[in-house]
Amino acid sequence: MLATIRTRLLLSVPLLLIVTLVSFVLNSLSPSDLARTILGADGTQEQYLALRHDLGLDRSILIQYASWLGNALSGDLGASYLTKERVLSMLNPRLGVTLSIMTGVMLVCVSLGLLFGVLSALRGGWIGKAIDVLSLVGLMMPSFLAALLFIMVFAVWLRWLPATGYVMFSQDPAGWLASLVLPILSVSFLPIANIAKQTRDGMNDVLRRDFIRALRASGVPEGSIIWKHALRNAALPVITVLGLVMIGAISGTVFVERVFVLPGLGSLAVDAAQQNDIAVLQGATLYFGLLAVAINLLVDLSYGWLNPRVRLS
Amino acid sequence: MTQGQSPIAGALALETLRVPKALPRPARFLARLLGRPLALLALIWIAIVVVGGLFAGQISSYDPLDQDLLAIKQLPSAEHLLGTDALGRDVLSRLLHGTTPSLVGVVQALAVVSLIGVLLGLSAGYFGGWWDRLVVQYVSLLQAIPVIVVLLSVLSIFGQSMSAAMVTLGILGSAGVSRVVRSVVLGVREELYIAAARISGLGDARIILTHILPRIFGPVVVQLALFACITVVIQTGINFLGLGVPPPAPSWGGMVFEASASINDFPWLLLPTGSVLALTILSFGLLGDSLRDTAVETWAAAAHRHTLQVRVPEPITDAPAHTILALRDLTIVSGQGESARTLVDHVNLDLANAETLGIVGESGSGKTLTVMSMLGLLPAGTRMTSGRMSLDGTTIDLGNQRQLEALRGGTIGMIFQEPMAALDPCFTVGHHLAEVIRVHKGGSRADIEKQIIALLHQVKITNPEEVARRYPHQISGGMAQRVGIARALAAEPRILLADEPTTALDVTVQAEILELLRALSASRNMAVIIVTHDWGVVADLCDRAMVLYQGRALETASVVDLFERPSHPYTAALLKANPHGAKPGEPLPTIEETLRSIQEGVG
């Protein structure tokens with residue numbers, strides 16, 4: 001178990017390096033020039049050269065990256081090219097929003113995905129059909145489209161939930177929850193369908209195994225066989241998929257933060273991308289990379305927790 | 001093929017004939033695919049979208065950028081088939097022209113994905129070694145990268161170039177494809193005909209081209225279809241964010257965003273673009289799914305337990321005195337109509353108090369089904385058409401699942417052929433026993449703990465406290481069968497069913513388990529039914545035995561009578577085939593030799 005965590009942590013180092021290096025390398029390949037973009041058409045050649053020097057763009061890529069990395073390790077992610085605000089102080093207040101959404105998505109996907117998967121494995125009939133239809137809908141609904149439909153139904157027509165905006169948990173917990181319900185559901189659509197499908201395949205597989213028959217033969221009630229024994233075994237392959245699904249859900253979160261005007265990391269990154277504010281984008285990339293590392297670690301830990309073979313090795 | 005040829009040369013000779021049948025050759029693959037209505041519909045929709053995108057200018061006479069501020073937010077009319085948007089632009093025209101960025105994106109990303117994914121997966125799987133390890137690490141690294149974040153950087157740096165973004169998406173997405181290709185190639189490489197081709201001196205390039213590429217075609221197409229689905233989502237999502245395709249130009253994602261701006265006063269605008277987008281994504285997804293089902297026909301329908309008709313059973317009155325369990329008229333079939341087969345044919349059986357009865361027969365004779373039916377545990381695909389069982393004089397219908405469930409564990413215990421597979425790998429030995437005790441007897445935690453230790457002690461496990469804490473993968477097969485026996489005895493049943501309890505074990509362990517079963521049945525005064533194909537077990541343990549052949553009970557007699565005066569020729573043949581009685585230097589007699597005479601004899 002410890003070995004698994006160690007491997008995962010070791011692997012996360014190259015992951016973070018690559019993710020953060022990408023924009024530096026691309027920058028050197030890019031035809032457009034950052035300093036030129038910032039200055040616009042009016043800048044003089046002196047201003048341009050001075051800005052390039054200020055931004056450190058006249059140094060080689062590796063030196064630029066090394067200096068960014070060195071600063072990052074000491075907790076300094078630089079300043080926005082546009083507003084001169086410190087990147088770290090732009091990112092930190094937004095982390096909570098994105099983490100709230102991701103946590104909600106994880107909880108909703110795991111609980112509903114497992115539930116739907118088990119039900120559709122156990123029963124054909126209308127429950128199975130309904131779940132099939134639901135997963136088709138999940139498949140065809142990109143998160144931003146689902147978000148718009150939800151806004152239309154629950155915010156515009158029914159007026160149950162707010163269409164946009166974010167409420168701090170510390171100010172109003174109920175308002176906080178209300179502002180997150182629709183974003184979380186919008187992102188969860190596709191992941192639920194994926195997990196339900198995996199769970200159904202897993203359950204169908206496990207329910208054919210010998211130990212299920214042996215449990216029945218010893219009089220263990222069917223409910224315990226399904227929800228404890230079969231589900232626990234079927235959950236193992238589901239968990240490995242969960243990591244990929246949750247990393248995919250990061251994209252959904254980025255889109256949905258935009259639709260619901262939530263001040264999260266995603267909307268910050270999109271703004272930065274629109275304004276070519278590479279320093280902010282780089283910081284957001286690092287945070288999303290760390291989020292991916294955390295998801296994978298969580299997946300590994302829960303896999304080990306559920307599977308004694310891994311836990312005890 | 002002559003006798004003298006080596007096996008490899010033999011395989012080579014066969015190679016041209018026997019390219020594996022399971023192989024979905026491209027043409028056959030497509031034919032099967034088109035046979036699926038959903039896949040066909042998906043393909044038709046994708047074709048419509050492609051044609052619409054290619055001939056956008058011809059289909060709609062409106063310019064997608066032409067504003068008409070006198071005709072804004074109009075519902076569909078003869079003039080504007082899908083209405084107009086907030087600037088009075090024709091929605092149909094924008095929708096058609098907006099197809100291009102999405103389709104171009106899909107093509108770019110797919111080209112990159114298939115090139116990199118196939119090359120990496122193929123080379124890693126085929127050549128193996130350090131390269132394979134490197135590729136595997138690289139792939140798991142790529143899969144841990146949140147795609148959208150990298151794409152945002154790319155778009156920002158490359159001046160909102162959608163092509164750069166799609167190529168990047170292709171590079172990141174190649175991880176999944178190469179993983180799948182690698183695992184298929186690994187499987188194919190191990191197959192005999194590839195080894196044979198290698199030994200015969202066929203070059204790597206030839207082998208890959210003629211033998212491996214056709215095999216990975218199916219799985220790769222599946223991955224590409226699913227990836228196309230993701231590409232459309234990401235591509236339109238980027239446009240939705242206002243990146244990639246600058247706003248006045250039409251794009252599906254941009255149009256969804258425009259629709260979102262007037263969602264309060266003109267919701268219609270979302271419908272055309274939203275549905276086209278959703279249908280296109282769905283089509284790629286469905287195509288991928290159908291392709292997967294076509295490539296590997298693994299989809300197994302959920303096993304539904306059919307409800308059996310519960311009849312009021314006719315009481316069993318003809319059982320001899322001291323009978324604890326009697327079975328009458330048990331018939332089990334598989335299949336329906338034409339393909340129906342009788343697996344157990346009107347079998348009767350009596351089990352006396354404290355008696356050990358053997359059921360002997362070849363595989364497929366129906367012996368396991370006979371005991372499974374007593375607990376209502378027939379496997380899916382088999383059906384019981386008649387059968388009654390009496391316990392202590394009360395007769396129940398064997399179709400009455402609820403009554404049989406009440407007998408499980410408490411009245412009738414059971415042990416299985418594969419002791420390890422009979423234990424849930426996720427739970428400890430102690431947990432298995434505790435669960436049964438809790439269900440049948442209840443009691444405090446400490447009380448149950450005490451019973452677990454006592455049970456493990458009874459099955460001659462010397463360190464019960466330690467074994468109780470172990471997981472199935474930490475114990476041996478023999479130990480697992482002792483645990484299985486302990487579990488079967490946990491609720492103190494009066495009858496024990498043992499299905500080939502020693503077949504999967506080492507010879508020395510077999511003897512110990514048999515000895516244990518004998519001792520336990522004697523000390524607990526328990527009636528036992530042992531299913532076996534081994535006359536040694538019958539001779540060792542049983543008082544009487546029943547011989548089953550093709551679902552029919554040929555004879556039931558005391559063990560001494562069976563061994564010395566088998567009344568049925570099949571019993572004699574089966575006894576002769578017992579390797580224990582073979583004479584050295586003489587070929588072992590087989591059942592086949594007497595098969596025909598027997599079938600005549602029975603029929």
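Helix axes here are lines fitted to C-alpha atoms over the stretch in contact, and angles run from 0 to 180 degrees between N-to-C directions. This is a predicted model, in which local features need pLDDT of at least 70 and side-chain atom pairs count only at pLDDT 80 or more, while totals for chains, interfaces and linings use all residues; side-chain values use heavy atoms, without hydrogens and water. Residues are numbered from 1 along each chain as its sequence is written, with chains lettered from A and ligands numbered from 1 in the order in which they are written. The predictor assigns the complex an ipTM of 0.84 and a pTM of 0.80.

**Confidence**

- Chain A has a mean pLDDT of 83, with 95% of its residues at 70 or more; pLDDT is the predictor's confidence in each residue, from 0 to 100.
- Within chain A, helix 2 (residues 34-39) has the lowest confidence, with a mean of 69, and helix 9 (residues 210-217) the highest, at 92.
- Helices are DSSP runs of H or I of at least four residues, strands are runs of E of at least two, and both are numbered from the N terminus.
- For chain B the mean pLDDT is 81, and 88% of residues reach 70 or more.
- Residues 1-24 of chain B stay under 50 in pLDDT, and the model gives them 21 contacts beyond four places in sequence.
- A contact means heavy atoms within 4.5 Å.

**Helices 10 and 12 of chain A**

- The axes of helix 10 (residues 222-259) and helix 12 (residues 278-306) of chain A come within 9 Å and cross at roughly 170 degrees.
- Helix 10 of chain A is therefore roughly antiparallel to helix 12 of chain A, the term for angles over 145 degrees.
- Residues meeting across this pair include Leu236(A), Ile239(A) and Met246(A) from helix 10 and Phe288(A), Ile295(A) and Val299(A) from helix 12.

**Val187(A)**

- Val187(A) lies in helix 8 (residues 173-206) of chain A.
- Val187(A) is buried, at a relative accessible area of 5%; buried means under 20% (1.4 Å probe, protein chains only).
- Beyond neighbours within four places in sequence, Val187(A) contacts Val105(A), Ser143(A), Ala249(A), Gly252(A), Thr253(A) and Val256(A).

**Chain B overall**

- Chain B has 24 helices and 10 strands.
- Of its 603 residues, 52% count as buried.
- Among chain B contacts between residues at least 6 apart in sequence, 69% join residues at least 24 apart.

Note on methods. Buried means under 20% relative accessible area, exposed over 50%, partly exposed in between (1.4 Å probe, protein chains only). Angles under 35 degrees count as roughly parallel, over 145 as roughly antiparallel, 65 to 115 as roughly perpendicular and the rest as oblique.
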